[in-house]
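Colleague: I am new to this structure and would like to learn how to read it. Please take me through it one feature at a time.

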Amino acid sequence: MKRRKFLRAAGTTAALTPFVYKGYPISPLSQNSVFSQIAAAATINDRVMVFIELAGGNDGLNTLIPLDQYSSLSNHRNNLLIPENKVLNLNDTFATGLHPSMTDFQQMYNDGLVSVVQNVGYPEQDYSHFRSMDIWMSGSSSSENLGTGWLGRTLEGEYPGFPDGFPSQDTPDPLAIQIGSITPLAFMGSSFPMGMSIASADEFYEFVNDLVEPAPATPYGDELEYIRLVMQQSQQYYEVIKAAAENSQNLSTKYPAEFTNNLADQLRIVARLIGGGMQTPVYMVSIGGFDTHSQQVDGSGPDSGNHAELMRQISEAVCAFQDDIKLMGVADKVCGMTFSEFGRTIGENGSLGTDHGAAAPLFVFGEGVNPGIIGDNANIPGVIEDSEDVPMQNDFRSVYASVLQDWFGIEDYQTILNQEFDILPIFKDPTPTEEVAGGGGAFEVSNYPNPVMSRTTITFNSPGADVAINLMDAQGRFVVQIAQGHYPTGFHKVVFDRSNLNSGTYFYQVKMNGVAVTKRMLVL
Amino acid sequence: MTVSTIDRRSFLKRLRKPSPVSVKKGFFKNAKSLIPNVAKELPLVPPPATTITLNGGLDPYTGPWDYDQAAHLIRRTMFGLKKTDVELLKSMTMEQAVDHILDVDNTPPAPPVNNYYFNDGSDEEGYEDPVVPFGDTWVNAAHDEEAEGLRIESFRGWWANQMIDQEVSIREKMTLFWHNHFATQASQVFFGKFNYDHNSKLRGYALGNFKELTKEITKDGMMLIFLNGFLNGKDAPDENYARELQELFTVGKDSPNQYTEDDVYQAARVLTGWTINFGGDWETVFNLFNHDQGDKQFSSFYNNTIIEGSADGNAELDALFDMIFAKGEVAEYLCRKIYRWFVYYNIDATVEQEVIVPLANIFRDNGYDIKIVMETLLKSEHFFDAVNKGCFIKTPVDVVVGTLRNFGLTVPGSTLWDEFVMEYLLNIMMSNMQMLPGDPPNVAGWQAFRQFPQYYRMWINSDTARNRNFFTDVLTVAALEAYEDELKIDHIAFASQLDNPGDPVKLIDEVTRLLLPQPISDTKKTLLKSILLSGLPNDGYWTNAWFDYINDPNDPMAFEVVNVRLTILHNYILKLPEYQLA
């Protein structure tokens, strides 16, 4: 895929173009700026990220089962623990497996389409749904009130002046679209929402088919239908959304029947819009029901019941979506990511459920991900306190920073997230944040051998620049600097000796001219 | 004169960043540009509903008197409604409530003042009025070419404030009704005092005698200039006012039986000599030398009436009004306008028979006393008929003033100048929705009340629909900013006054009952609740969040959690198409 050059000025130019329409964004959603910055970047590199919110706090320990902790876990989850022989195996590890309902997703993992980030959360967990959601949506710390969204800030940074002058010739499409719910904050910019929302799948199909919700046969109903129609059609993105929907159709046969899987219904629309040529870089969809204080499983066993149903829905919906965008020929530019405001307790409660806990795993999927698992299984103690939970290993803002930098190619994610975070090796082929003079193409960075027994050789092509190579642990913490200095244009090799390192997963990051390429290294 | 693009652009700048400078830049240059461009194309205007008619006649309403009926009465006779308004009227009987609404205080409100001068040492300042000190009223000051544009905006802002601060009374909606009826344009009569005096007459006669008011208006300086009456002399009668007096103000053109062109000419002759003393104090005077003292012979439509020529201008005028108001068409014409302003636009044969004709009879029998008409209509079973609720498409004034009132907002005005600017912004908002009080599109008033067959639907096109949403977006998620002052919804204060803000179901019920004219579907309510609960199924999460805030209102986290959800909730409700109805 040919990437357009990253030009920050692109946003500025768009803002200077004259009014094309006189409209304004009508959505309450577009308020948080984080989502918006992503959207702006995507117009630069054509990439799309689909965020899937699992509302309520997902039980990570029953989603991604730590098989190496099984015996401890069995002490705390008499009724909930998935039988070991039913856990779905992954092709590159024996330590971790998936919930038995996620067979489709297991296949995606084994096909190299999934990156798992372990134990994601934020420091000083609040345990309140609303507060945690707001923290995730705004990309803040637990002691901050930002009032804007991380995507809203992202988009605002790239499209200064929005909504004045939008849509424009350069930016005809919405910067961000939320389907299926109306969530506060994620798309909120400093004063205006940066995206739009389509409250339900029904609303979308009414929209593209020029239907309005029927009103009663009274004067009130008559006037209401008229206003509904005009307001629908005066939605400033009416034409482009309709055109995109008309330009494409869902191609996958893997989607479950309509109205049987709400997430699939939403993702079906997202796929159709992407396939129809919309350049919107950010989508957000949502599925609820994860607040499983009770009846997380039902009487027929720990692998059936509400949570099992949710896992099945996610698995089927995501798999069908991935199949669809592949058939549409757009899979190379689309990734998706699940997230939930927090995880749940290690131990089950007395109601066949679990209570609010700190961290949980998160899935990133698509052809662009570096397949595998980032981070380790949490250590499950043999004896736990009441309401003991899985501690955070990866800050959710590290995930955001990786998305911003490595997927969307946004150089200065720090201005959006307000500080530095470790970049996780989620994405296979990090987007160069800048074209490098004389570089002649993307950076090539690799090491051999990998896994590393004693030594490994890191190879990279320098654009003729100052280069720094740093090693980080699985949590993204700085370990050691491998190399630093000026390297002339061309390929270079650096040999690295692992003798002081413990076994485990590490990342090394090669920084050249402000571009960072992060790769994973397994040390035996 | 295209206002919207330029003003909106600078608006957005101001809204986005609190930069008062952008308010000031070009402010005076653009002061006249408030006048809307009315020749908008209407991209989508389907035919109106003509098949459904409202039920009931003028018999007194005897059905239930509760929240919904009280709210309906308020929505139609005021702009927006507040919880306290409903509670007040609900505590009375229906008769008492209507009497209360019609018990209009005729004391003139304090007049507008010089609030158009500002000097903080910067180069951005208003006009330093050489005659009227800052803070003093300008309504008695002589014409001043430099000041009039600002005085007109001062007047317009003052008027907006009268509406925003209205008592539980029909006065302001009635005043605007008369303005739509005796439509004049500030942009054409560039003299603030005339605008103010004219408006004061409309307000003073809000529920007064229609015939008397028409006489007043005939001699009113604003109208004499607007329709060239001041130029109407015996050597060259100007028919402009004489024509509109019959065609738009009294007889109308609904009836096939019509006055003649010669009647227009004869009426113009009666009105010759009434002019303005421009050489003196700009009072209305009768200039006998310019009055046609010949007899005026009218057509058979007026029973071949002859108004005898004389030197007594007032006597001839009285004779003219007696002749016109003897026509049955006058009362019917005005009752139809009343009906379209307060009830619905669709007047079919049944409504004509059951409502208009009997109402017109009452009007005539009571010597054109408007109050009895309003009392009869507002107490009727027709007015309270269930299908009548919610079919009125809000005017831009309903949207702007009504939204402020819904949320208990008033213009802040930390200084007179700030207040002036904020009121100006509100008027721009209304103007962008195609209704600027003081400047209807022409002498016939706003199209929504006269343009067959679309009527109210004239208000809503793709352009104005966006501007309506834009206004509520600004008020809910951002703010209107004028220098130090901010006008925005206090979401928590609004929720706090509700009966049960901690219960998400009851909160949604009460908010939608306050803000929307009819109950919404359960699907919509579920959606609204999911906004409040961020998609979680357990109502208790909202309850906890609400009481976390109540127990510690100074905790910024607790505040933000409820504030952000209420913000999105209100924003969404105000964007529902249902919100455009009253």
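Modeller: Start with burial in chain B, where 52% of the 582 residues count as buried. A residue is buried if 20 or more other C-beta atoms lie within 10 Å of its own, exposed if 12 or fewer, and partly exposed in between, with C-beta atoms placed from the backbone. This is a predicted model, in which local features need pLDDT of at least 70, side-chain atom pairs count only at pLDDT 80 or more, and totals for chains, interfaces and linings use all residues. Residues are numbered from 1 along each chain as its sequence is written, while chains are lettered from A and ligands numbered from 1 in the order in which they are written.

Colleague: How many residues does chain A have, and what share of them count as buried?

Modeller: Chain A has 524 residues, and 58% of them count as buried.

Colleague: How many helices and strands are there in chain A, and how many in chain B?

Modeller: Helices (H or I, at least four residues) and strands (E, at least two) are DSSP runs, numbered from the N terminus. Chain A has 13 helices and 21 strands; chain B has 24 helices and 6 strands.

Colleague: What do the contacts say about residues at least 24 apart in sequence?

Modeller: Two residues are in contact if their C-beta atoms, placed from the backbone, lie within 7 Å. Taking contacts in chain A between residues at least 6 apart in sequence, 77% join residues at least 24 apart. For chain B, counted between residues at least 6 apart, 73% join residues at least 24 apart.

Colleague: Now strands. Which strands pair with S12(A)?

Modeller: Two strands pair if DSSP finds at least two bridges between them. Strand S5 (residues 114-121) of chain A runs antiparallel to S12(A), joined by 5 bridges. Within chain A, A:Ser115 stands opposite A:Val364 of S12(A). Strand S9 (residues 334-339) of chain A also pairs with S12(A) in the antiparallel sense, over 3 bridges. There, A:Cys335 stands opposite A:Gly366 in S12(A).

Colleague: Is strand S12 of chain A mostly covered or mostly open?

Modeller: Mostly covered: strand S12 spans residues 360-366 of chain A, and 7 of its 7 residues are buried.

Colleague: What is the order of the strands in the open sheet of 3 strands?

Modeller: The order is S15-S16-S19 (chain A), and the pairing is antiparallel. Strand S15 (445-448) and strand S19 (490-497) of chain A each have a single partner strand and stand at the edges, so one side of each is left without a neighbour in the sheet. Neighbouring strands of this sheet are turned by 20 degrees against each other on average, direction ignored. For such angles, axes are lines fitted to C-alpha atoms, for helices over the stretch in contact, and angles run from 0 to 180 degrees between N-to-C directions. S15(A) is joined to strand S16 (residues 455-462) of chain A by 4 antiparallel bridges.

Colleague: Which residues touch the most other members of the largest nonpolar core?

Modeller: In soluble globular proteins, nonpolar side chains tend to be buried together. A nonpolar core is a set of buried Ala, Val, Leu, Ile, Met, Phe, Trp, Tyr and Cys residues joined through C-beta atoms within 7 Å. The largest one has 316 residues, of which A:Val270 and B:Cys335 touch the most other members. At least three residues of this core come from each of domain 1 (9-198 + 281-417) and domain 2 (445-523) of chain A, with domain bounds from an automatic or database domain assignment. Leaving aside neighbours within four places in sequence, B:Cys335 is in contact with residues including B:Ile356, B:Phe363 and B:Val373.

Colleague: Which residues are buried in helix H9 of chain A?

Modeller: In helix H9 (residues 238-247) of chain A, A:Ile241, A:Ala244 and A:Ala245 are buried. They cover an arc of only 95 degrees around the axis, which puts them on the same side of H9(A); the arc is that of the directions from the helix axis to the C-beta atoms. Helix H7 (201-208) and helix H10 (262-275) of chain A are among what covers the buried residues of H9(A).

Colleague: Where is the cis peptide bond with omega near -10 degrees?

Modeller: That bond runs from A:Phe166 to A:Pro167. A:Pro167 is in the loop between helix H6 (150-158) and strand S6 (176-179) of chain A.
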